[in-house]
Amino acid sequence: MPDALELLKTRRSVKPRDMTGPGPSPAELETILTIGARVPDHGRLVPWRFIVFEGDARERAGEVIAQVFAEKHPQATAAEVDVERRRLTDAPLVIGVVSFTKPHPKVPALEQELSAGASAMNMVNAATALGYGAAWLTGWFAFDRDVLTGLGLKADEKLAGLIYIGKATKPTEDRPRPLLSEIVTRF
């Protein structure tokens, strides 16, 4: 396992199309999900939950996405619909991070949504620490209410993102990062 600070300094997203199996074992998946649940959560509201898409579930979810896409884009070609059908199939494992807020006098909705984001990032870091490639992504379908309903989300739930996890098929290249001198001020 890499040193924690070195992992955080060098972590890179791996594109799902650059992933292959095998995905995490059941024990590794449990570790990833457990670490995803260990995040700041003011008021202990647990304003998130996870949906695991693996095996045939990735294809079933893709059918939901493709059907909604085809209904909303009747001019779409069969190839375009097929692209939507395969949205979750590149990586062997995809975890949906579902966010919802609960009315609370001391915990604003933004804090609850940020907790879901922290959960997503924790899972990306956990997968990376276990030797997998990972990426936190969305797409049009992550914000489409018909897709969300088809995936089992309730009316008051949002998809904070999808965590794609698999073995990287090639080395990842780093991208330019902001200079601290350009993003840090002192009060």
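**Close-up views of a predicted model**

**View 1. Residue S99 lies in strand β3.** The structure shown is a predicted model, in which local features need pLDDT of at least 70 and side-chain atom pairs count only at pLDDT 80 or more, whereas totals for chains, interfaces and linings use all residues. Residues are numbered from 1 along each chain as its sequence is written, and side-chain values use heavy atoms, with hydrogens and water left out. Helices (H or I, at least four residues) and strands (E, at least two) are DSSP runs, numbered from the N terminus. S99 counts as buried because its relative accessibility is 6%; buried means under 20% relative accessible area, exposed over 50%, and partly exposed in between (1.4 Å probe, protein chains only). Leaving aside neighbours within four places in sequence, S99 is in contact (heavy atoms within 4.5 Å) with P47, W48, E113, A116, D156, E157, K158 and A160. The C-alpha atoms of S99 and G117 are separated by 8.5 Å, although these residues are 18 apart along the chain.

**View 2. Helix α5 comprises residues 109-129.** Its 21 residues reach 30 Å from the first C-alpha to the last, close to the 30 Å expected at 1.5 Å a residue; the expected span is 1.5 Å times one less than the number of residues. Among the buried residues of α5 are Q112, S115, A116, G117 and M123. The buried residues of this helix pack against α1 (4-10), α2 (26-36), β2, β3, β4 (133-137) and β5. Just after α5, G131 takes a positive phi of about 95°.

**View 3. Helix α2 has L29, I32 and G36 as its buried residues.** These residues lie on the same side of α2 because they cover an arc of only 60° around the axis, the arc being that of the directions from the helix axis to the C-beta atoms. On the other side of α2, A27 and E30 are exposed. The cover over the buried residues of α2 includes β2, β3, α5 and β5.

**View 4. The largest nonpolar core has 22 residues.** A nonpolar core is a set of buried Ala, Val, Leu, Ile, Met, Phe, Trp, Tyr and Cys residues joined through side-chain atoms within 4.5 Å. The residues with the most contacts inside this core are F53, L88, V94, L153, L159, L162 and Y164. At least two core residues come from each of β2 (48-54), α3 (56-72), β3 (93-99), α6 (145-150) and β5 (158-168). Beyond neighbours within four places in sequence, the contacts of F53 include R58, A61, L88, V94 and L162. A second, separate core of 17 residues includes W48, I95, A126 and Y132.

**View 5. Three aromatic pairs are counted.** Rings of Phe, Tyr and Trp (its six-membered ring) pair if their centres lie within 6.5 Å; planes under 30 degrees apart count as stacked, over 60 as edge-to-face and the rest as tilted. W48 and F50 form a stacked pair, 5.6 Å centre to centre with 5° between the planes. W48 is buried, with a relative accessible area of 8%, whereas F50 is partly exposed at 22%. F69 and W140 form a tilted pair, 5.9 Å centre to centre with 45° between the planes. This pair links distant parts of the chain, with F69 in helix α3 and W140 in the loop between β4 and α6, 71 residues apart. Ring pairs link F69, W140 and F141 into a cluster.

**View 6. The charged end of K167 sits over the ring of Y132.** The separation from the ring centre is 4.3 Å. A charge sits over a ring if NZ of Lys or CZ of Arg is within 6 Å of the ring centre and within 35 degrees of the ring normal.
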